[in-house]
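Open the model in your viewer and keep the sequence panel beside it. The stops below say what to select and what is there.

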Amino acid sequence: MDDGLRVTDRWVVPAAELRERFSRSSGPGGQGVNTADSRVELSFDLAGSPSLPESLRTRALDRLAGRLVNGVLTIAASEHRAQLANREAARERLVALLREAVAPPPPPRRPTRPSRGAKERRLADKKRRSQRKRDRRVDGD
């Protein structure tokens, strides 16, 4: 747990840049629910991190703008009864979120047109459907 988090092949977040806070979880716990601080809040200063390359920092700050508070990303985990399991879950979620945030943008979509066969099939299907509905009608004549 003391080593860093590997986000990509070239970027590892050092453990010293992560802050963990523990509090009481509202979930399951039995008799220990009143005493066990099993909820974990994992915080990472995205804006001020020296380990993050500048090109990735701007991309991540743009993509995670709605989740940041003063440039700090916080993940809360309380789905497990054990604090250790919640710490692991929070770290996994942080890695997944950061990996998605620094991923390169997808290639631009090349516009395409439907083929002649696709147009003909669509029109033939429309004709069949309209004929079926016409056959269901009860006309006055």
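Are W11 and F44 buried or exposed? W11 is buried, and F44 is buried too, where buried means under 20% relative accessible area, exposed over 50% and partly exposed in between, with a 1.4 Å probe and protein chains only.

Before going on, note that this is a predicted model, in which local features need pLDDT of at least 70 and side-chain atom pairs count only at pLDDT 80 or more, while totals for chains, interfaces and linings use all residues. Residues are numbered from 1 along each chain as its sequence is written, and side-chain values use heavy atoms, with hydrogens and water left out.

**Whole chain.** Colour by secondary structure. The protein has 3 helices and 6 strands, taken as DSSP runs numbered from the N terminus (helices are H or I, at least four residues; strands are E, at least two). Along the sequence the pattern reads β-β-β-β-α-β-β-α-α. Of the 141 residues, 27% count as buried.

**The aromatic pair.** Select W11 and F44 again. Searching the whole structure gives 1 aromatic pair. W11 and F44 form this pair, which is tilted, with 6.3 Å centre to centre and 50° between the planes. Rings of Phe, Tyr and Trp (its six-membered ring) pair if their centres lie within 6.5 Å; planes under 30 degrees apart are stacked, over 60 edge-to-face, and the rest tilted. W11 lies in the loop between β1 (5-6) and β2 (12-13) and F44 in strand β4 (residues 39-45), so the pair ties together parts 33 residues apart in sequence.

**The sheet.** Show the strands. An open sheet of 4 strands has the order β3-β4-β6-β5, with antiparallel pairing; two strands pair if DSSP finds at least two bridges between them. β3 (18-23) and β5 (68-69) stand at the edges with a single partner strand each, so one side of each has no neighbour in the sheet. β3 and β4 pair over 6 bridges in the antiparallel sense. Select R21 to find E41 in β4 opposite.

**The helix on the sheet.** Select α2 (residues 83-102). Helix α2 packs on the sheet and touches β3, β4 and β6 (72-77). Contact means heavy atoms within 4.5 Å.

**The core.** Which residues touch the most other members of the largest nonpolar core? Of its 25 residues, they are W11, V13, F44, L46, L64, L94 and L98. Such a core is a set of buried Ala, Val, Leu, Ile, Met, Phe, Trp, Tyr and Cys residues joined through side-chain atoms within 4.5 Å. α2 gives the most to this core, with 8 residues.

Definitions and conventions
Axes fitted to C-alpha atoms, helices over the stretch in contact; angles between N-to-C directions.
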